[in-house]
Amino acid sequence: MNKLYPTAEAALEGLLRDGMTLCAGGFGLCGIPERLIDAIQASGVRDLTIASNNAGIDNEGLGKLLRSRQVRKMISSYVGENKEFERQYLAGELEVEFCPQGTLAERCRAGGAGIPGFYTKTGVGTQVAEGKEVKVFDGEEYILERGIRADLSIIKGWKADEAGNLIFRKTARNFNQPMATAADICVAEVEEVVPVGSLDPDTIHLPGIYVKRMIVGSPYDKKIEFRTVREPAAA
């Protein structure tokens, strides 16, 4: 089975539809599947529900899909760096389900493991717990969180072999690993593809059984969310 496609548009062909749910890897601008995001924007698909730690920044990453008004709902833990996200939410134009960061990762991991729900102490006594089932274990309250299952996951890897076995690079692993398992189909973009057998099995982070389609997205322009510089030292 050939998993490698020539372009992001080709890799997503037949997978996109209005109203679908996506899991998107990345943290800020680190480890985001930017070629796949661009192809989704170009497709014009609308009313998307997207589970992602955040929505990038204004007009970068998932911020592009917000700007083009293709997103109906975000399931996220942090949205503070995207002014358009904030504007749409406060104006009632975007539905947002806030989720603590660790809980979001576990919801996706649970969805990928076939676990429909789990109990956690995170969020007990806060707005996060509103409307959720509460259960007492050993005298402590826990809230029920549902696992996340999506129609499609889009992730960014560093190196993969032709079978889809994939390695993430350092902190770019972030949400990519749990997101990859939480959907019916996973499409990965990577920086390099090598022949099967080239990767040390002990270094593989995501088995190829989860990856249905791949593209090579490099070269990349490494974007910086915040550029901080110091004043020159006094002579």
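This is a predicted model: local features need pLDDT of at least 70, side-chain atom pairs count only at pLDDT 80 or more; totals for chains, interfaces and linings use all residues.
Residues are numbered from 1 along each chain as its sequence is written, and side-chain values use heavy atoms, with hydrogens and water left out. Helices (H or I, at least four residues) and strands (E, at least two) are DSSP runs, numbered from the N terminus.

## Helix H5

In H5, the residues Thr103, Leu104, Arg107, Cys108, Ala110 and Gly111 are buried. They cover an arc of only 160° around the axis, which puts them on the same side of H5. The arc is that of the directions from the helix axis to the C-beta atoms. Buried means under 20% relative accessible area, exposed over 50%, and partly exposed in between (1.4 Å probe, protein chains only). An α-helix has 3.6 residues a turn, so residues three or four places apart point the same way.

The cover over the buried residues of H5 includes strand S1 (21-24), strand S3 (71-76), strand S4 (95-98), strand S5 (117-120), strand S7 (140-146) and helix H6 (176-181). Just after H5, Gly114 adopts a positive phi of about 80°.

An open sheet of 7 strands has the order S4-S3-S2-S1-S8-S11-S13, with parallel pairing. Its edges are S4 and strand S13 (213-216); each has a single partner strand, so one side of each is left without a neighbour in the sheet. From one strand to the next, the twist averages 20°. Two strands pair if DSSP finds at least two bridges between them. Strand S2 (residues 48-51) pairs with S3 in the parallel sense over 4 bridges, and Thr49 stands opposite Lys73 in S3.

Helix H2 packs on this sheet, where it touches S1, S2, strand S8 (150-156), strand S11 (183-190) and S13. The direction of H2 makes about 120° with that of S11. Axes are lines fitted to C-alpha atoms, for helices over the stretch in contact, and angles run from 0 to 180 degrees between N-to-C directions. Contact means heavy atoms within 4.5 Å.

Glu34 lies in helix H2 (residues 34-43). At 18% relative accessibility, Glu34 counts as buried. Leaving aside residues up to four places away in sequence, Glu34 touches Glu189, Tyr220 and Lys223.

A further open sheet consists of 3 strands in the order S10-S9-S12, and its pairing is mixed. Strand S10 (166-167) and strand S12 (192-194) stand at its edges, each with a single partner strand, so one side of each lacks a neighbour in the sheet. Strand S9 (residues 159-161) runs parallel to S12 and is joined to S12 by 3 bridges. Ala160 stands opposite Val193 in S12.

## Salt bridges

Side chains of opposite charge can pair when their charged atoms come close. The structure holds 18 salt bridges, a salt bridge being a side-chain nitrogen of Lys or Arg within 4 Å of a carboxyl oxygen of Asp or Glu.

| Salt bridge | N to O distance |
|---|---|
| Glu95 and Lys73 | 3.8 Å |
| Glu86 and Lys83 | 3.9 Å |
| Lys132 and Glu145 | 2.9 Å |

Glu95 is partly exposed, with a relative accessible area of 40%, whereas Lys73 is buried, at 16%.

Glu86 and Lys83 are 3 residues apart in helix H4 (residues 83-90), which means that about one helical turn separates them. Glu86 is partly exposed, with a relative accessible area of 38%, and Lys83 is exposed, at 53%.

In the remaining tabulated pair, Lys132 is partly exposed, with a relative accessible area of 26%, while Glu145 is buried, at 2%.

Salt bridges also link Asp58, Arg67, Arg69, Glu84, Arg87 and Glu93 in a network.
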